[in-house]
Amino acid sequence: MARAIYPGTFDPVTNGHVDIVERASHTVDHLTVGVVKDSLKRTMFNVDERIIMFADAVAHLANVEVKPYSGLTINAAREFGATMIVRGLRITSDFEYESEMALMNRRMAEDIETICLFSALEYQILSSSRVKEVAAFGADVSDLVPPNVWKPLVERLAKQKT
Ligand code: ADP
């Protein structure tokens with residue numbers, strides 16, 4: 001059985017992440033979305049909120065589950081029984097970082113392979129940070145995030161302003 005982990009901060013999940021999960025779920029038997037608990041990045045949503053938003057967005061995919069993890073991704077992969085790490089690659093921004101991370105992970109765990117899926121054209125400039133940034137200035141981001149994410153995002157931004 002081919003099992004993979006798709007790790008990330010997902011603060012919050014965007015349509016680019018969901019697209020990667022949909023495509024990866026057709027390629028492997030089982031996919032665990034690993035949501036980083038103790039991110040080095042300062043997050044807008046706590047880990048439980050990030051998990052609920054991601055789980056709702058991929059509820060239509062029977063072979064996908066969403067779980068928290070902390071520490072090294074290779075250890076989480078082992079814990080979830082995964083032999084592959086899935087990552088998404090946008091043309092301009094991700095190659096250097098993702099190759100370094102993949103090489104470092106291979107150095108630590110030769111039995112775990114990193115598989116990169118290219119971001120779809122419509123999601124190439126989409127990132128969680130950009131969504132939060134433009135939404136904070138009032139832009140309509142409803143077509144960039146899953147329908148269940150838009151409301152909590154707008155509410156959190158409104159709360160932060162008060
Ligand atoms: P991390 O903190 O691990 O970078 P992110 O939530 O930012 O977590 O991203 C998780 C993964 O999803 C990374 O592989 C990232 O490159 C990928 N990703 C982010 N945005 C997109 C997108 N728009 N299209 C495809 N992949 C994406």
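This is a predicted model: local features need pLDDT of at least 70, side-chain atom pairs count only at pLDDT 80 or more; totals for chains, interfaces and linings use all residues.
Let me begin at the ligand, where a backbone N or O atom of glycine 88 lies 2.7 Å from an oxygen atom of the ligand.

Which residues come nearest to the ligand? There are 17 residues around the ligand, and those that come nearest are Tyr6, Thr9, Lys41, Gly88 and Leu126. For arginine 87, a polar side-chain atom lies 3.1 Å from a ligand oxygen. For histidine 17, the corresponding distance from a polar side-chain atom to an oxygen atom of the ligand is 3.4 Å.

I turn now to the loop between strand 1, residues 3-8, and helix 1, residues 15-27. As background, most residues other than glycine have a negative phi, and most peptide bonds are trans. In this loop we find proline 12, and the peptide bond that joins aspartate 11 to proline 12 is cis, with omega near -5°. Phenylalanine 10 is likewise placed in the loop between strand 1 and helix 1. Its phi is near 50°, a positive value in a residue that is not glycine.

The remaining topic is helix packing. Two packed helices are described by the angle between their axes and by the distance between those axes. Helix 6 takes part in two such pairs, which I shall describe in turn.

Consider helix 2, residues 47-57, against helix 6. Their axes are 9 Å apart, and the packing angle is about 155°. Angles over 145 degrees count as roughly antiparallel, and helix 2 is therefore roughly antiparallel to helix 6. On the helix 2 side, the residues in contact are Glu49, Met53, Asp56 and Ala57, and they meet Asn148, Val149, Pro152 and Arg156 of helix 6. Sorted by class, this contact has four nonpolar residues, one polar residue and three charged residues.

How do helix 5 and helix 6 cross? The axes of helix 5, residues 128-136, and helix 6, residues 147-161, come within 10 Å and cross at roughly 60°. The two helices are therefore oblique to each other. The crossing of helix 5 past helix 6 is right-handed. Helix 5 contributes Val131, Lys132, Ala135 and Ala136 to the contact, while helix 6 contributes Leu153, Leu157 and Lys161. By class, this contact comprises five nonpolar and two charged residues, with no polar residues.

Definitions and conventions. Residues are numbered from 1 along each chain as its sequence is written. Side-chain values use heavy atoms; hydrogens and water are left out. Axes are lines fitted to C-alpha atoms, for helices over the stretch in contact, and angles run from 0 to 180 degrees between N-to-C directions. Helices (H or I, at least four residues) and strands (E, at least two) are DSSP runs, numbered from the N terminus. Angles under 35 degrees count as roughly parallel, over 145 as roughly antiparallel, 65 to 115 as roughly perpendicular and the rest as oblique. A crossing is left-handed if the near helix is turned anticlockwise from the far one by less than a right angle, and right-handed if clockwise. Contact means heavy atoms within 4.5 Å. Ala, Val, Leu, Ile, Met, Phe, Trp, Tyr, Cys and Pro count as nonpolar, Asp, Glu, Lys and Arg as charged, and the others, Gly among them, as polar. A residue is near a molecule or strand if one of its heavy atoms lies within 4 Å of it. A polar contact is a pair of N or O atoms within 3.5 Å; within protein, one must be able to donate a hydrogen and the other to accept it, and residues adjacent in sequence count only if both atoms are side-chain atoms.
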